[in-house]
Amino acid sequence: MRNSKWCVLAALALGAGAANAEVVVIVNPKNAAASLSAEQVSALYLGNSTTFPDGSTAALADQPEAAGIRGDFYQKATGRSSAQAKATWARLTFTGKATPPKELKSDAEVKAWVASDPKAIGYIDSSAVDGSVKAVAKL
């Protein structure tokens, strides 16, 4: 009984840390976008837009469904839960109107993919940002 209380407290502490993490939207340094508004990010990640403000095509990266950052991102960027966003993408995919974001396994994979493709956009924890990518929005 005593050990289970510690496990619960540890889980709560870890969850609180994840909830306070700052989510950063990143693009390739060659991308013309200097910044993106939450509305622009939302439009991209809900399939309402497929291009950056300069008209270039956007290639979206997503985090795994089980990752806490994914839920934080969708809530902060779109006002929807990750499940609601997934349902939106399922509908868009079924009707042939859009292709969902490419799901990658971690901040490191998202960062590497974005760094390798000038059309790419993704989101990672702010602590993972380095010179290989450009932060264009903080959520």
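I looked up the sheet and found five strands in an open sheet, in the order β3-β2-β4-β1-β5 with mixed pairing, where a strand is a DSSP run of E over at least two residues, numbered from the N terminus, and two strands pair if DSSP finds at least two bridges between them. At the edges I noted β3 (102–103) and β5, each with a single partner strand, so one side of each has no neighbour in the sheet. I then checked helix α5 (residues 107–116), which packs on the sheet and touches β1, β2 (59–62), β3 and β4; a helix here is a DSSP run of H or I over at least four residues, and contact means heavy atoms within 4.5 Å. The direction of α5 makes about 150° with that of β4, taking axes as lines fitted to C-alpha atoms, for helices over the stretch in contact, with angles from 0 to 180 degrees between N-to-C directions.

For the record, this is a predicted model, in which local features need pLDDT of at least 70, side-chain atom pairs count only at pLDDT 80 or more, and totals for chains, interfaces and linings use all residues. Residues are numbered from 1 along each chain as its sequence is written, and side-chain values use heavy atoms, with hydrogens and water left out.

Next I followed β1. Five bridges join β1 to the antiparallel strand β4 (residues 120–125); there Val-23 has Asp-125 as its bridge partner, and Ile-26 stands opposite Gly-122. With β5 (residues 134–138), β1 pairs in the antiparallel sense over four bridges, and Val-24 is partnered by Lys-138.

Finally I checked burial (buried is under 20% relative accessible area, exposed over 50%, partly exposed in between, with a 1.4 Å probe and protein chains only). Five of the five residues of β1 (residues 23–27) are buried, so the strand is largely enclosed by the rest of the structure.
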